[in-house]
Amino acid sequence: MISAYEGDTVASALYASGVRTFSRSFLFHRKRGLLCVSGRCPNCMVTVDGVPNVRACCEPAREGMKVKRQNGWPSTDTDIFSGVQLIERFLPVGFYYKTFINFPTEWANTQPMIRRLTGRGSVKQELARWNAQAASGGHGDRFEKQYLHPDVVVVGGGPAGVFAALAASRAGASAVLVHDQPSLGGHLRFEGDTVDLGSVEGAEEFSGMRGYELAAKLDRLARAEENLRVYDNANAFGLYESNEVGVVQGNKMLKLRAKQLIISTGAGEYLTVFKNNDLPGVLLGSGVRRMLALYGVPPGKNAVVVTNNDSGLSLANALLEAGVKVSAFADARTKVDTSSPRFEALRKSGAILLTGYSIKEAEGGGRVTGATLIRLDENGAATAGTEKSFKCDTICLANGFEPDAALLTQARCRVSYDEALGEFIPSESPASVQTCGDVTGIHDLRCAFLQANIAGLQAASGLASATKAPAGKLNELSASLKSAETAYRDRLASQGPRPIIGIVSEPTDGKGRKPEMNGFACICEDVKEKELAQAVEEGFRDIEILKRYSTLTMGPCEGKMCATPGVGICARETGRSIADAGRTVSRPPYLPVPMGALAGPGLHPVKLTAMHYKHLEAGATLMDMGEWKRPHVYTSVFEEYSAVRTKVGIIDLSTLGRLDVKGRDAPKLLDFIYTHTMSKLQNGKSRYGVICDDAGAILDDGTVTRLGEDHYFITTSTGNIDFVEQWLTWWAVAKKWEAQVTNLTSGFAAVNVAGPRARDLLRTLTDVDLSTEKFPYMASGSGLVAGVPCILLRIGFVGETGWEIHFPAEYGEYFWDRLMEAGRPFGIMPFGVETQRLLRLEKMHVIVSQDTDALSTPYEANMAWVVKLDKEDFVGKAALTFAKDEVPQRRLVGFTVEGEVVPHDGDQAFSPDGSTLIGVVTSCRYSPAAQKPVGLALIRSDLSADGGTFLVASGTSKLNAKITFVPFYDPEGRRLKE
């Protein structure tokens, strides 16, 4: 049980409680502790409520959450797999390639063990707390998407980002600011130095404040700005075409399409390479500042500070103010003014001040117990024999910054190495992309203020909705910026060189090799400095192939910790400059993104028929059929069945697809699409048709009704209307036929009125002659029913006399009410989908995709009569011509079962002796007409003889099924033709 304060993260709460080992490393299972405290490294990844690889330093502490450390067995503190370090020399760079390239069969045996030893975290099959946590803002499976189209998007919530956003919004541009922290201000939030922004217009209101005070003020100003929207805890993970920024905020994904983009992503400190640089107790200076200022948690009791820039001095004084002893302060620079009051404070505390020194080794086994420092020569190389050792429990590193330039490279900005700054900075940018702040390599607040205002005004100046900044103001800001940047560069030059790569224990030998290179260059993948040197020696001299061969920068931090030292080592080992060595290219996503966030919410489109609310009034239980809500049953299947068989029933068929096909070549098109012949269909007649693909497999079925010489009305299955429309349109265009296809589905509603009293009912509502002589089975007609213009089709899917009636959807509720009112004397009852399935099953009518699958042909479905091979051509003719003379592998058969047990749809069918699986039950219901269970099954054709038997495995029962090809109800079809 860990206690925490409001505002704590998981990491700060654990660290305050004494936890120092947060995880184990990827390969060697070394202990790893807090390092950056900003989510940039892999060290603090833990499992939270079953969700692996959560960065503890970014995860807010919540009551009741369960946190588990990773990558250790039986525990993270005592991990037996750490013994792999004993065989380190047998695991050289490129181990997998070298070991398994000649013995690929061994990989199958070795892979499980390697995967068990390596990796990070494990995914549980069931995460019981996800849904509960989603409601409280934690991890969960409720994902959302939001699309915004602002004028300007600013990425980065540091001072430069906020200044830029304010400048753009105040110029009239609509702006969005996204940043990955809970509040704005960036590094100012944990700094107490007094701010001086100079005398430029607008800067005076911010000067004279302490850093954290300025951060709070910027936060208030940004949230009060009318044209500016701020998204906290939002990670911009990628930049895509046309300035589209992908952002993840918790379980929400934002897609921001910007006219102008301002990148102010700042810079992060990187890890210096030296022996044991990964021990718990080695922390980056910025991480220590966060712990002290944001959470009030000291990193330890006794610290050694190692730096090569001004931030190290501020860090050392912050440690002293927090009551932490500073044993030694080592600054790699040789020309540092040590007469400042801050150095005096260190002297008074008893700290040893060393200039021209850096770190050689972190001492300790499972955690830091000391530090060995070493003098650097004028070239930044270690000088043997100058080591000094200090006892400490914390080593604080402030050895330089790496601009977070991932989005810059994705924005097609050119990033080049600046020798004076010692960083890769943007040198060229597209007109729609501006940069400002630490990402430019200038770590000076006055410069950041000027850069940000210029970026904000330039971004807004090209927008019609914004006020164009006066040229004089931009010129003034640019002149001030040039002066401030020159002063900053001069100050750096006066302080001497700043080495950016690892320190070695001894000078190089005559061949330029170093005897010891045991520091980790990449803590994500456990890649050591010596491995990079070996890879270069083996020929992997380009930074891109060195990355892939060694896996440098390919871990969770995506190079945030190791890109700069990796490039430096590559340059040193190849004898090139860092500029010539270059750097790897960032590609989105730059940050981890949950797959659910990319997919978005599990939205399910819902369609309601025109009579939907009438079904609810009638007490219908609804079911999903594709995107539609349909009545499953109103009262009971037996009552509804009896009404249709003995009186009259009505069912809503509005979900059927409806297409209107017109044109000179409409008959030709339908002949080509359907296996049946539609061009010979008489006007006023309907015909059942099947659509197949080139392999002869059934795609859809429905009716085709000819309304005129070049005019057809088509119905399709509920789920395939879009496909059939596209299929017809595509072929009409491909064949250059004159035929127009119009989708009428949403414009029409439909009902089926069926039963022995159906004609009597409809005669009370229409003047259309419904007699068998004038309106026979499979005929069509049009006229007014209850005063509504309708298309009437005499179709008998349920096996009774009936009419399928299509009419304008606007009349839906009115038409339903009139039919129900007029039908009361005839015993009318609405029936649902379940009753319809039973009624059609008794007639052995096939439902495509229920009784067929993706490979079923008309021959397998016992519908050879719908295939007319005498036509010139149609889709699937070649395959069906070949299949006609072949015995199909499967066949759809009817069957009956004696007894009361009703098999389920999908039950398996076996040979009569039960030894062989031969197929599957596609549909089965209890038939009141047959007084037994009846069904359809798709089974092996060699066992499908009429009168034959097979076994059905239904639950624990083995049922004897008898094959029949005779419909179970009214086999001659007299009732539907009456």
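# A guided walk through the model

Let's start in a loop: glutamine 931 sits between strand E44 (917–927) and strand E45 (932–940). Helices (DSSP runs of H or I, at least four residues) and strands (runs of E, at least two) are numbered from the N terminus. The phi angle of glutamine 931 is positive, near 60°, although the residue is not a glycine. Is glutamine 931 buried or exposed? With 55% relative accessibility, glutamine 931 counts as exposed; here buried means under 20% relative accessible area, exposed means over 50%, and partly exposed is in between, for a 1.4 Å probe and protein chains only.

Before going on, a word on what you are looking at. This is a predicted model, in which local features need pLDDT of at least 70 and side-chain atom pairs count only at pLDDT 80 or more, while totals for chains, interfaces and linings use all residues. Residues are numbered from 1 along each chain as its sequence is written, and side-chain values use heavy atoms, with hydrogens and water left out.

How confident is the prediction? The mean pLDDT, the predictor's confidence in each residue from 0 to 100, is 90 for the protein, and 94% of its residues reach 70 or more. Residues 128–140 have pLDDT below 50; this stretch has 26 contacts in the model beyond near neighbours in sequence, a contact being heavy atoms within 4.5 Å. Where pLDDT is low, the predicted coordinates should not be read in detail.

Now for the overall layout. The protein is divided into domain 1 (10–135), domain 2 (144–268 + 403–493), domain 3 (271–399), domain 4 (509–598), domain 5 (612–841) and domain 6 (889–978), with bounds that come from an automatic or database domain assignment. The centres of domain 3 and domain 4, taken over C-alpha atoms, are separated by 25 Å. Between these two, 7 residues of domain 3 are in contact with 9 residues of domain 4.

Next, find helix H5. Its 12 residues reach 16 Å from the first C-alpha to the last, close to the 16 Å expected at 1.5 Å a residue; the expected span is 1.5 Å times one less than the number of residues. Because 11 of its 12 residues are buried, H5 is largely enclosed by the rest of the structure. Among the buried ones are Pro159, Val162, Phe163 and Leu166. Their cover includes strand E7 (152–155), strand E8 (175–178), H6, E9, strand E13 (260–263) and H11. After H5 comes glycine 172, with a positive phi near 105°.

Helix H6 (residues 211–224) has 14 residues and spans 20 Å from first C-alpha to last, close to the expected 20 Å. Its buried residues include Leu214, Leu218 and Ala222. They pack against helix H5 (159–170), strand E9 (228–231) and helix H11 (445–461).

Strand E24 (residues 414–418) and strand E25 (residues 423–428) run antiparallel and are joined by 5 bridges; two strands pair if DSSP finds at least two bridges between them. Valine 415 has proline 426 in E25 as its bridge partner. There are 4 residues between E24 and E25, and glycine 422 in the turn has a positive phi of about 70°.

Then look for the sheet of 5 strands. The sheet is open, with antiparallel pairing and the order E33-E34-E35-E32-E36. Strand E33 (686–692) and strand E36 (740–743) stand at the edges with a single partner strand each, so one side of each has no neighbour in the sheet. On average, neighbouring strands are turned by 30° against each other, direction ignored. Strand E32 (residues 657–662) runs antiparallel to strand E35 (residues 711–716), and 6 bridges join them. Within this pair, aspartate 660 stands opposite phenylalanine 713 in E35.

Two helices meet this sheet. Helix H20 (residues 666–673) lies across E32, E33, strand E34 (698–708) and E35, at about 30° to E35. Axes are lines fitted to C-alpha atoms, for helices over the stretch in contact, and angles run from 0 to 180 degrees between N-to-C directions. Helix H21 (residues 721–735) packs on the sheet too, touching E32, E33, E34, E35 and E36, with its direction at about 15° to that of E32.

Tryptophan 73 and proline 74 are joined by a cis peptide bond with omega of about 5°, and proline 74 lies in the loop between strand E5 (67–69) and helix H2 (95–100). Another cis bond, with omega near 0°, runs from proline 588 to proline 589. Finally, methionine 844 has a positive phi of about 60° although it is not a glycine, and it counts as buried at 16% relative accessibility.
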